[in-house]
Structures are given as structure tokens and as C-alpha cells.
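This briefing is intended to be read beside the sequence and the 3D structure. Please keep both in view while going through the points, which are grouped by topic.

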Amino acid sequence: MYFLMDGCGPLNHRVGSGPWASRESLKMGPLADVTLLPGEERVIEHDKDIIYMCPFNGALKGKVFITNYRLYFKSADADPAVTLNVPLGVIGRVEKMGGASSRGENSYGLDITCKDMRNLRFALKQEGHSRRDIFDILFRYAFPVSHGLPVFAYLSQEKYEENGWNVFKPMEEFRRQGLPNEKWRITFVNETYELCDTYPTILAVPFRSSDEDLRKVSAFRSRGRIPVLSWIHRENQAVICRCSQPLVGMSGKRNKDDERYLDLIREANGTAKLTIYDARPSVNAVANKATGGGYEGDDAYQNAELVFLDIHNIHVMRESLKKLKDIVYPNVEESHWLSSLESTHWLEHIKLVISGAIQVADKISGGNSVVVHCSDGWDRTAQLTSLAMLMLDGHYRTLRGFQVLLEKEWISFGHKFASRIGHGDKNHADQDRSPIFVQFIDCVWQMTKQFPTAFEFNERLLVTILDHLFSCRFGTFLYNCESARDTNEVRSKTVSLWSLVNSEASSYQNPFYTPECSRVLYPVASMRHLELWVTYYIRWNPRIRQQQQSPVEQRYMELLALRDEYLKKLEELQLTDSSPNSSHLSNSSTPNAASPTQHITHLHTPF
Amino acid sequence: MLSSLGSGGGKTAKPSFVSYVTPEEIKSEKEPYKKENQPDLLPGEVVFCSACPVLKYSQDDMSQRGVFGTLLCTNFRVSFVSDEVQVEETCKLFKNKLYGENDIPLACVDNIYGGYEDKKKLITGGLLKNKYPSKIIVHCKDLRVFQFSLTYSKEEDAKKLCFTGVLDHNNVVMKTYLRSSSIDNNAVCFVEMQRKERTMLFDCLEDWTQDMKRTKGNCRLVTENSSFELSQKLPQFFIVPLNVTDEDLVKFQGNGLPMWCWSHHSGCALFKTASLPLMLTAVAHNHLYSVKTEDLSDTLPTIQDIQLSYNKFKQFFLIDNTTEFWMSDMKWFSSLENCGWLDMIRQCLLKAVEVVECLEKENTNVLIMEESGSDLCCVISSLVQLMLDPHYRTLLGFQSLVQKEWVAGGHAFLDRSNQLHLKEKVESQSPVFLLFLECVWQLHQQHGPAFQFSETYLTVLSDSVHVPVFATFLFNNDSHRANVLRAESPSSQRGPLNCPSVWDWSVQFDCRAQDLFTNPLYAQKTKQDRSQRKSHRPKHQRQLSLPSSAFKTPTKKGFFKDEADSLKKILGVKRISRWMLSPSSDFPPMSSIKEFYETWQAKPLDYHGMLLPCLDGPSIRVWMQRYLRWIHDVQILGGGPVAVLSKVSELLAEVQELRSELDRHARTVTSNHRGAIRTRAKTAPENLARSSVRLSSSFPFVTSRNWSFKPAIPTSMLQSLMMSEVAGDLASREDDGSEPETVV
């Protein structure tokens with residue numbers, strides 16, 4: 001529903017034009033109409049004509065310029081002018097197409113693959129190696145990390161009223177959940193990332209486990225990612241704990257400390273049987289034994305039941321999204337849309353993730369504590385715990401609460417954003433890349449779709465998050481874990497995405513939001529209700545009607561304005577009524593008109 | 001009697017109504033000893049048989065739990081009356097007055113299956129003779145599924161129920177509607193009551209005149225068929241091109257007569273015709289524009305195709321048990337595609353857009369035709385009007401449209417729905433009207449604010465087709481209707497038999513329930529809007545180009561012989577479908593439509609102007625409310641579109657209240673402040689029971705009794721993924737290619 005924010009920040013929000021292009025007048029110089037971000041610098045202005053091979057409008061002649069943040073193109077003759085405004089961080093791959101001797105019109109140029117479901121092709125004149133400059137510059141600035149350059153977030157000079165780095169304070173969040181308490185304590189054992197280099201410094205663990213216990217347990221968990229508390233149910237004290245797989249191996253090793261530790265988690269609220277959700281398909285869990293991993297066996301963990309959630313790994317998800325791109329870009333597959341969609345399995349994966357999270361949330365609601373892990377506990381595990389928390393805790397459904405959720409479950413717990421997204425990295429074929437976070441945001445979108453009044457934030461926030469997941473304009477999603485962020489001083493040297501969002505919070509708010517903190521939201525994980533997120537995945541296609549506001553939202557806002565207008569008029573009327581000249585009966589005139597909720601009657605006529 | 005209805009308006013049948021007890025008698029007979037285990041019978045409704053105790057399985061889960069009660073079969077419905085005291089549901093706002101949640105009008109019964117141990121068999125007469133099932137499963141046309149266990153009741157009763165009642169229901173329906181229809185003599189006065197703002201029924205001259213005037217059409221209104229002198233197939237009144245002569249009318253008897261549907265403001269018009277376009281030239285001459293003809297059978301599915309496809313489609317929603325449901329969930333998208341239903345919807349919408357393009361962009365007359373002239377012609381012509389004329393997007397306008405194109409237009413409702421379950425009519429059975437409603441729903445969900453009526457309205461309308469009391473849906477055409485009603489009216493005491501129209505919604509729902517028929521998003525055109533548009537709109541081209549007398553000259557008599565083909569050439573008649581089908585021809589087919597759509601889409605959306613549907617794959621959807629409402633596992637508690645819509649409704653009500661208060665203020669400023677006091681008292685207490693968060697996505701059809709519930713957890717999901725190619729070597733790989741970690 002919303003366009004690419006195209007990284008222009010608060011200074012330049014485009015409204016009402018096509019998603020892939022904005023129409024602007026040509027009054028100024030050819031490229032003078034783009035407002036650069038503070039800290040953004042022009043690297044090259046290509047004064048020769050370049051042709052943008054727009055898949056929807058055909059070849060468009062125009063000019064291009066590149067800054068250290070973006071690639072900007074503006075068509076010369078199309079009316080209205082077509083512009084492209086692409087943050088370099090979005091670019092995943094730059095290739096030369098055609099050679100000096102290629103024949104055919106527009107066969108010589110550049111082919112750019114973006115991480116946000118589109119490709120861009122530019123054609124240039126063959127004479128004089130015209131593309132060499134532009135290719136070199138693009139290659140260098142789109143992949144700064146591979147060239148020893150800083151990403152734009154470190155060059156940005158943007159200032160915001162609010163400092164988004166203050167949104168998440170781990171202690172505050174624990175306190176909000178009622179921690180520490182007599183069963184759970186806060187430990188600083190990982191203060192120097194000694195216990196686990198991919199975990200945050202502050203952890204919540206069973207009260208009865210000592211720091212020494214934690215160290216022992218960490219030896220038996222992949223990459224030292226021990227089970228720690230993510231969320232606790234206020235009433236029944238059931239907890240969601242997250243961790244990585246146990247290092248059982250082929251020989252089926254056991255570890256008394258780990259077994260005892262899990263039993264402490266179970267005991268904390270008197271749960272009879274601790275449920276361990278292994279996000280993987282059981283086959284994969286078994287196969288992991290060969291590489292030293294595995295799962296919690298029945299005999300070793302007698303007070304626990306193990307459930308496999310059958311969610312596939314990062315490679316499967318990557319291929320799935322790739323297939324999805326094939327059927328939606330540039331053109332939406334027409335003849336067999338539904339079966340093509342099914343063959344990508346994208347929604348099927350979404351369904352598995354959501355239904356896994358439902359099971360976790362359901363167990364917690366029933367008063368049973370759960371432990372969630374996959375292999376390393378930073379991809380599928382993060383998806384499951386954060387979705388379950390979104391279902392269970394209304395706080396995370398607010399604009400700020402959602403930021404906390406992302407900061408906590410994803411960023412601080414070491415989802416490998418740098419590896420999964422490949423910020424500034426030229427190795428487009430890197431096997432570590434995977435759209436796990438995109439998939440999670442898609443799941444959240446599915447939930448907002450099913451519960452349109454339950455979330456304080458709107459679709460625009462989700463699209464903005466995904467745009468800046470790639471853009472490298474903010475430090476929020478940079479690096480793989482907290483220790484790396486500390487080393488690179490992300491908090492002091494870059495701006496947080498939440499600075500941008502919270503400085504203009506109203507544009508990310510859902511007008512239909514009706515707070516209901518205590519209610520557990522169970523989305524329906526049936527293909528009948530899951531939809532392709534058209535306004536994100538197919539937003540570049542002009543045939544998909546892009547509306548700044550949904551008609552429902554628009555109507556609602558109009559009505560709100562109308563209500564305010566009437567209320568004001570009524571107030572004025574009452575003022576004149578109660579003036580001395582008016583009747584002595586004025587006391588009985590509607591004094592409560594300002595509280596219109598009392599007046600709700602049912603609908604008689606369409607308005 | 002039976003044959004008279006079934007045969008689509010043949011000879012007048014012998015009056016048979018007198019042979020039954022009159023409703024009054026029944027009433028007096030029943031009231032004194034009204035048993036508890038009986039539903040509230042309608043006047044004229046008679047219980048044929050019953051079985052007790054019968055266990056009705058609860059739909060919610062697959063446990064063998066249920067409620068005991070009595071299963072009855074009347075001449076109107078199959079009804080289950082629970083032994084348990086019904087807790088009066090306060091939030092049962094959306095109650096149908098004719099039948100309750102445990103009632104199935106006989107015409108609404110789709111299929112009955114017998115449950116034999118683990119097998120499920122379609123019950124036909126032969127099967128029952130040997131063995132009666134321990135369980136019967138009833139699939140309804142409104143997609144409800146009932147499961148009753150007969151093991152506890154007397155075999156005799158159960159057998160009787162199966163034989164006489166449920167199985168022979170075709171025999172029974174007939175009698176019912178005639179009777180129950182007579183109940184509503186007093187309810188029918190709505191037509192009189194709302195003379196000004198009413199649904200035009202197109203059963204009288206004025207309605208046709210008015211509609212032609214409204215669209216500024218210039219055609220000939222034919223009154224010669226008011227007693228079906230010309231043809232039994234033609235409506236009582238209809239409109240043809242000006243130069244159709246009396247002789248032509250007699251000669252063609254409805255076959256090939258171009259019937260006027262609607263006039264575009266440019267002066268060109270849409271016509272439809274049955275059979276061959278013998279009168280083509282008449283249309284062509286009519287306005288001096290060229291005519292494009294479109295044989296719908298060239299490109300659109302046949303009625304048999306439609307029936308077949310829908311039969312497959314509906315199976316996805318007739319859920320006997322949850323395991324099956326979740327199994328089918330895995331292949332949902334491809335099954336959906338394979339049944340072809342969505343594609344038929346798309347094809348119809350596409351065809352309508354093509355016609356719209358001709359009218360709007362090229363300003364040519366369009367003549368659509370098919371053999372019957374009353375199936376796909378109705379679908380396309382009404383869709384075209386819905387897209388082009390905002391009047392038909394109002395509630396009354398829409399009802400008028402259905403009356404004009406479908407009821408007066410002679411759509412064979414009785415044969416198409418085969419309410420009588422007649423074997424010989426099985427072939428003509430086809431949900432053509434439903435297909436139309438599906439198309440309307442697509443437009444509705446894409447352009448909500450353009451419609452005054454709600455999604456719920458469309459769903460209820462689709463259900464009402466299977467409630468056999470409405471004159472609207474009981475007949476095949478005007479003459480059929482007239483014949484049957486006249487025949488059944490006992491000349492004596494009660495005057496003509498009066499079947500209510502479906503548009504008299506008070507027969508089914510009370511006012512509060514009817515409020516849900518209006519769309520809170522609908523933005524009525526403001527007056528300012530209207531005047532602006534008027535000034536923008538170009539003058540009628542017809543008025544500009546020619547004095548009206550110029551083309552009134554009647555064509556020569558006998559002009560329409562067999563020369564139609566050569567005339568086509570002379571007049572440059574083009575066939576839309578031809579250039580739609582051959583992409584290599586001069587007129588690029590799909591690209592033209594695409595361009596037309598894109599040009600329209602590029603402009604700011606005017607909900608009171610032309611509306612076009614987006615036909616891309618993701619845009620054509622399943623009508624969730626209609627198809628998923630009874631399936632417990634997919635109900636979104638506290639969510640779904642209704643959560644938002646009800647908020648809009650609440651706010652709308654608030655705004656309206658404020659405005660009326662303002663108005664009162666304005667009125668009472670001079671005359672004391674009494675008005676304000678009255679306001680207080682008048683403020684309605686009830687709040688529509690809509691408090692949004694408590695509703696489920698199945699609102700208003702299912703009210704969720706139990707707020708605490710277990711979430712539906714999909715079962716058997718992995719298989720499909722594992723079996724598919726996805727699970728190749730990728731699936732077995734490590735996420736991060738991690739080296740084994742060794743533990744000391």
C-alpha cells in the first residue's frame with residue numbers, strides 16, 4: 001500500500017505517485033530536484049544520456065547520478081517524468097550486459113539486481129566505453145564493505161528530535177515483564193561476551209542456576225547459546241526460553257548440567273512437562289547429529305516433550321523467495337497464477353512459521369513453559385519467539401513495543417543481519433544470505449491483516465523497516481550481533497531507524513487500533529487466509545493500484561474530521577445558548593455533547 | 001402442479017391449492033397443543049415426519065459430541081429441535097425470521113449422504129431400501145454441513161424420515177412455497193409504502209419508461225406483450241430499437257430481437273438478444289453508430305461448464321471433518337485453480353470490461369447474444385451497467401438492476417437452481433446468478449466505497465435464492481410467473497396469491513439486521529460533486545450531431561430477411577470476440593484492454609464514475625465471507641475485515657447522531673431548548689452489539705459463543721514440502737555450514 005520510501009527520509013516524502021517513480025516538474029535543472037540527505041555526497045553525475053529499460057513503460061532516455069547513498073535516474077522526455085531513486089544498499093548485484101560488439105538496440109549496458117524484488121537495466125551507447133565509469137563507481141559504492149569503505153550509516157549527518165537508540169533498554173523491558181522475581185534472576189555473566197559472543201550482555205535465567213552452571217551449560221549448546229528467558233506470562237508465570245541445539249552428536253552425548261538446567265526452567269512455574277519446540281523438521285534435526293548437533297532425547301530429558309515444527313532452513317527460504325520473484329517481477333504470472341504461487345511454497349513456509357508460533361503461544365497460555373530452538377537459535381527461533389510474543393503480549397503490538405521486540409529478539413539476540421542481508425558486500429551468491437527477517441515481517445503483516453484493529457502500527461511501518469533493512473542509512477540492522485556492534489560503535493556513530501520512525505510517529509499509526517493488551521491473538525494459519533503481500537512484493541508494478549491510504553482508512557479519517565467539526569459546532573452553539581440573553585432553560589441543553597460515545601446509536605441510513 | 005412449475009411456464013396447471021388446509025386452519029389447529037419439540041412453524045407449514053432422539057454432531061470439532069433432539073421434516077424444511085433449553089442469545093442479532101440455524105429449507109438441501117461405518121455414500125432411493133444409514137450428512141446450498149446420528153432413534157422413524165421426508169423433498173417443496181408465501185400478504189405492502197424510493201420491479205410500464213428516461217435512451221417501448229400475446233418467453237414489457245416495427249415483433253417472437261439494456265451518455269446503447277442476430281441492422285440503424293456484436297458463447301463458458309466448475313469449487317468448503325480440511329489446505333491454491341471457478345469470474349469480468357470499452361471509449365452500440373439470451377447475457381449486461389452507472393451501485397439501484405436484467409430479463413431461476421430437485425432438470429441446473437454475484441463481490445472488494453450495499457448483503461442475497469418463498473427466484477420468466485400465480489390463486493376468498501419479493505427484506509430480517517446490508521464505507525455523492533460533474537460532462541453527442549428526427553425514419557419493411565450477413569459487411573459490423581481472440585489481427589486484443597485499464601487506473605479514482613476491476617492473478621479472490629463462514633477452524637476471532645468495518649460503522653453512527661443534534665439545535669434555537677431534552681431521551685440504548693473486538697470473521701453469520709478457545713493448529717503439513725522438489729539437497733543442508741563443535 002505504500003511506496004518505497006526511497007531513503008529520502010523526513011525531508012522528502014513522496015506522495016501519490018507511482019511506486020517506482022515519482023513525477024516531478026522539470027522546472028529546475030535536470031537533477032536539481034532531489035534533496036540529498038545530510039552527509040550524502042555526489043559521486044558522479046553522468047552527463048551523457050542513459051536509457052532506463054523500464055519493464056512497464058519501455059525504454060526511457062534520461063540522466064543518472066550516483067551519490068554515496070543512492071542511484072538517481074530521471075527521464076528526459078517522458079511526461080510526467082519518471083524517476084528512480086534507489087538506495088545503493090538495495091543493490092545486490094551489478095553486471096555488465098552485452099559487449100562492445102553486441103548488436104541490437106539497447107543491448108549494451110548494466111543489469112542491476114536489487115534485494116527488494118526488482119531488477120534495473122540501463123542501456124548506454126557503445127562508443128567510448130561509456131559504461132565503464134558508471135559501472136566502476138556503482139560497484140565501489142554499492143559494495144563499500146568489499147572495498148574497505150564505510151557504509152553510508154557512518155557518513156550520515158542526519159539529526160532527529162528523538163534518539164532511537166533509547167527505545168530498547170534491556171533492564172526496563174525485563175522490569176516491564178516483572179523481572180527479576182523469586183524464580184528468575186538477571187545475570188551479567190555475559191557482560192564481556194565471554195559466555196556467548198552472539199548473545200546480549202544482560203540475560204534472564206532461572207534463579208536457582210548459578211553463573212557457573214551457565215558456563216557448563218554453554219559448553220553443551222551450539223555456539224554457547226544457552227537457554228535464556230525471552231518472555232514470561234504475568235499470571236501463570238510460564239516462560240518462553242530460547243537457545244540453540246544441544247551438542248548431542250552421533251554418539252548421543254548427554255550433559256547433566258544441561259538436563260538439570262532445563263528442569264530448573266520447568267520447575268520455575270511448576271510445569272509438569274517442559275515442551276521443547278525444535279523448529280526444524282525432525283529429519284534435519286537427526287541429520288544435525290552428524291555435525292555434532294542434535295536434539296534433546298527422551299531418555300535424557302524425562303520431564304520434557306519434544307515437538308518438531310517442520311520449518312525449513314535458510315537455503316530453502318532463499319530459493320522460495322527467488323521463485324516468488326520470478327513469478328511477480330517484472331510481470332505477474334498470468335495464466336496459472338495460483339499454481340505458480342503454490343509452487344514457490346512461500347506462503348506454505350509462512351504458514352509453518354505462524355502455526356509454530358501459535359503452538360508456542362497456546363502452550364504458554366495454558367501455563368506451560370517452553371524452550372524454542374533450531375540449529376543455532378538465531379533464525380527460525382527468533383521468528384517463533386517473536387511471533388509468539390506478538391500473539392501473547394499486546395505491548396509488542398504498539399508502535400514502540402514492536403521496536404522493542406525487534407531490538408530484543410532479533411538484534412540483541414544475534415540474528416545475523418549482516419550475513420543474511422549482505423550489507424555492502426559484493427558476494428551476491430553467498431550462501432549465508434537468506435530472507436529470514438523478510439519472512440518474519442511478512443508473518444507480522446499476515447497477522448495485521450487478520451487483526452486489523454490489534455496493531456498500533458500500520459503497513460507503512462513494515463515496508464519502511466524492510467526498506468531500511470537494506471538501505472544502510474541507519475545502523476539498526478548492521479552487523480551480526482551485539483559484540484560486533486559494540487566494537488564498531490554503532491550506537492554512537494550511526495543513527496537508529498527508530499529515530500526516523502518516532503520523529504514522525506503519526507504516519508506509522510493505524511487509525512483503527514483498539515488496545516486490548518490482555519487478549520491473545522491467534523491468527524488462522526490456513527492457506528485460505530494467508531495472502532501474498534502484494535503491496536510489498538509487487539509494489540513496483542504500476543498495475544497494482546498503490547494507494548497512499550486504503551479506502552477504509554480514508555473514509556475513517558474523513559469521518560473523524562467530520563466528527564470533530566460537528567463537535568466544535570455544537571460547542572459553539574452551546575456557548576451562544578448559555579449566553580445571558582438566552583433562555584433560563586439552558587442548563588438542560590446537551591452538556592455532554594462532547595462525549596459522543598454516549599450517543600452511539602445504530603445505523604439507519606448510509607451516510 | 002409439479003409439472004407446471006418444472007416445465008418453465010407451459011400450460012396452466014390445475015389449481016391445487018384448495019386441496020390443502022388453509023393457513024388459518026393450520027394455525028388454529030396447532031396453537032393449542034404446540035409441542036415443545038417443534039420449531040415455530042410458518043403458517044401453512046406441516047410436519048411430515050420426525051425422528052427422536054437424534055444426535056446432532058457439533059460442527060466445531062471432530063469429537064463425536066453433539067446435542068440430542070428431534071429431527072423433523074416439514075413441507076418447508078428439515079429442522080432439528082434441540083432437547084436442551086436454548087440459551088437465549090442476546091447477540092443473535094442476525095436472525096433469519098423464516099428459518100433458524102438448525103433449519104434447512106428443503107430447496108437449500110444440496111446433497112444428503114449416508115454414513116455407513118466409515119464410508120460416506122450419496123443417498124439415492126435405491127441405497128436406502130436395503131439399509132438405512134446410522135448417520136446422515138446434509139450438505140446445504142448455503143454451504144452449511146449438518147451431521148445427524150440416527151442410531152439412537154427408532155429405526156422405523158428414521159426410515160420414515162429418510163424416505164418420506166428428506167429423500168422425497170422434491171415432492172414437497174412445491175406445496176410449501178405456495179403456502180408459506182401466502183403468509184406474507186400483509187408484509188408485501190412495502191411496495192405501496194415506499195412508492196418514491198423503491199426497487200423498480202420492471203413489471204410495469206412506468207419502470208421501463210423511467211429507466212430509459214434516466215439513461216436518456218431513445219428506443220421503443222413495447223407494450224404489445226403485456227398479456228404474452230407475442231411470446232411466452234418475452235417479458236411483459238421491453239424496449240427495442242426505435243425502428244423495429246410491429247411486424248418485426250410478430251415475426252421474430254423474441255428470437256433475435258435486440259432488447260435494450262442500457263444507454264450510455266454518449267447515446268450508444270447496450271442490447272442483448274437470444275439466438276441469431278437477425279435484427280442486427282435495426283440496432284445499427286438505431287443510432288447511426290456502428291454496432292459491435294458479441295456472441296458470448298464464443299468465449300465464455302457454457303452453463304454446464306459453470307455448473308461443473310462450481311460443483312468442484314464448493315467441495316472445498318463443505319467440510320465434514322477437520323482432518324480433511326487441513327489436508328486440503330496444503331494443495332489449496334492449485335485445487336482452486338484447477339476447479340476453474342475464479343477463472344470464470346475473471347472471464348466474465350473481462351468480457352464486461354471489453355463491452356465497457358466499446359461503449360465508453362469507442363461509443364459504439366454493443367449487442368451481446370447467446371442462445372438463451374438470459375444467462376451470460378444477464379451476467380455481462382448487468383456487470384457492464386454496474387461498472388458504468390453508479391445508480392446501480394446503490395442498494396435500490398442494484399435490486400432494480402437484478403429485476404430488470406434477471407427477473408424481467410427472463411433468467412430461468414427455477415430451472416437454473418433446480419429447487420425442485422427434478423431429475424430431468426439436472427442438466428439445466430447452473431449457478432449463473434451466483435456467478436454474477438461473485439463478479440459483483442470482486443468489484444465490491446476492489447472498490448468498496450463505490451457500493452451502498454455491503455458484502456453481507458450479497459451473501460444473504462446468494463442464500464435467499466434457496467429459500468423457496470420469493471417470487472423473485474421461483475420462476476423461469478414473466479409468463480411463467482403470471483401463469484402459476486394466477487393458477488394458484490383460489491378465485492374465492494383470498495385474492496391473488498402473493499409471493500413476496502426477495503427485496504422485501506423484512507420477510508427475513510428485522511430492521512436492525514437489515515442495517516448490516518448497508519456499507520459504511522459508501523460515500524454518497526455530495527451535491528457539489530454532482531453539479532461539478534455535470535458541467536464537465538460533454539453534451540450528449542446525439543444531441544450535438546443530429547436532430548432526433550433524422551433517424552426516426554423507420555426502415556423498410558421486410559428488411560431483415562436473410563441478408564443479415566451481407567449487411568454486416570456493409571455496415572462495418574465488428575465482432576468483439578474476433579479481435580479478442582486473434583492476437584495477430586489489426587486490433588491488438590489484450591493490450592487494448594490493458595491499455596484501457598491502465599489509462600483509467602492512472603486517473604484519480606472516482607467512486608461515482610466508471611469502475612473497472614483489476615484482473616491480475618492476485619486481485620481475483622475467494623469470497624471469504626460466503627464460503628468460509630461456517631468453517632470453525634478458519635474463523636478469526638476478534639479479527640477479519642468486520643473488525644475495521646464495525647469501527648467505521650460506530651463512528652458513522654456517532655457522526656450522524658451529532659449531525660442530527662446539530663440540526664435539532666438549528667431548529668430549536670428559536671423555540672426554547674426542548675429539543676435538546678428530547679435528544680437525551682431518544683438516544684438509542686442498544687449499540688448494535690457490534691463492539692468490534694468480540695466479532696469473528698464469520699460475523700454476522702456465526703456468533704462466537706465461547707470466547708476462550710483453542711487455536712486451530714494445522715495438521716499434516718510437512719508431507720507436501722518433503723515430497724516436493726524443495727526438499728532436495730537444500731533442505732538437508734546446515735544453516736550456516738557450521739563445523740561440528742566439539743565438546744570436551
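In this predicted model, the cover over the buried residues of helix 19 of chain B includes helix 16, helix 18, helix 20 (471-474) and helix 28 (624-628) of chain B. Helix 19 spans residues 455-464 of chain B, and 9 of its 10 residues are buried. Because the model is predicted, local features need pLDDT of at least 70 and side-chain atom pairs count only at pLDDT 80 or more, while totals for chains, interfaces and linings use all residues; side-chain values use heavy atoms, without hydrogens and water. Residues are numbered from 1 along each chain as its sequence is written, and chains are lettered from A and ligands numbered from 1 in the order in which they are written.

- The buried residues of helix 19 of chain B are Thr456(B), Tyr457(B), Leu458(B), Thr459(B), Val460(B), Leu461(B), Ser462(B), Asp463(B) and Ser464(B).
- Buried here means under 20% relative accessible area, exposed means over 50%, and partly exposed lies in between (1.4 Å probe, protein chains only).
- Helices (H or I, at least four residues) and strands (E, at least two) are DSSP runs, numbered from the N terminus.
- Helix 16 (residues 395-407) of chain B and helix 18 (residues 432-446) of chain B pack against each other at an angle of about 145°, with their axes 13 Å apart.
- Axes are lines fitted to C-alpha atoms, for helices over the stretch in contact, and angles run from 0 to 180 degrees between N-to-C directions.
- The contact is made by Phe398(B), Val402(B) and Trp406(B) of helix 16 of chain B and by Val432(B), Phe433(B), Phe436(B), Leu437(B) and Val440(B) of helix 18 of chain B; contact means heavy atoms within 4.5 Å.
- By class, this contact of helix 16 with helix 18 of chain B has 8 nonpolar, no polar and no charged residues.
- Ala, Val, Leu, Ile, Met, Phe, Trp, Tyr, Cys and Pro count as nonpolar, Asp, Glu, Lys and Arg as charged, and the others, Gly among them, as polar.

**Further sites in chain B**

- Ser479(B) lies in helix 21 (residues 478-488) of chain B and is buried, with a relative accessible area of 1%.
- Apart from neighbours within four places in sequence, Ser479(B) is in contact with Phe228(B) and Gln232(B).
- A cis peptide bond, with omega near -5°, runs from Cys52(B) to Pro53(B), and Pro53(B) is found in strand 1 (residues 47-57) of chain B.

**Helix packing in chain A**

- Helix 8 (residues 346-365) and helix 12 (residues 436-450) of chain A pack at an angle of about 75°, with their axes 10 Å apart.
- These two helices of chain A are therefore roughly perpendicular to each other; angles under 35 degrees count as roughly parallel, over 145 as roughly antiparallel, 65 to 115 as roughly perpendicular and the rest as oblique.
- Helix 8 of chain A contributes Trp346(A), Leu347(A), His349(A), Ile350(A), Val353(A) and Ile354(A) to the contact, and helix 12 of chain A contributes Gln439(A), Asp442(A), Cys443(A) and Gln446(A).
- By class, the contact of helix 8 with helix 12 of chain A has 6 nonpolar, 3 polar and 1 charged residues.
- In helix 3 (residues 211-220) of chain A, the buried residues are Asp213(A), Leu214(A), Val217(A), Ser218(A) and Phe220(A).
- They cover an arc of only 150° around the axis, which puts them on the same side of helix 3 of chain A; the arc is that of the directions from the helix axis to the C-beta atoms.
- The buried residues of helix 3 pack against strand 8 (184-187), strand 9 (203-206) and helix 4 of chain A.

**Loop residues of chain A**

- Val248(A) is found in the loop between strand 11 (239-243) and helix 4 (256-267) of chain A, and at 7% relative accessibility Val248(A) counts as buried.
- Beyond neighbours within four places in sequence, the contacts of Val248(A) include Phe220(A), Lys253(A) and Tyr295(A).
- The peptide bond from Leu179(A) to Pro180(A) is cis, with omega near 0°.
- Gln237(A), a residue other than glycine, has a positive phi near 60° and is partly exposed, with a relative accessible area of 27%.
- Cys472(A) likewise has a positive phi, near 65°, but counts as buried at 6% relative accessibility.

**Whole chains**

- Chain A has 18 helices and 14 strands, and 62% of its 607 residues count as buried.
- Chain B has 31 helices and 15 strands, and 60% of its 744 residues count as buried.
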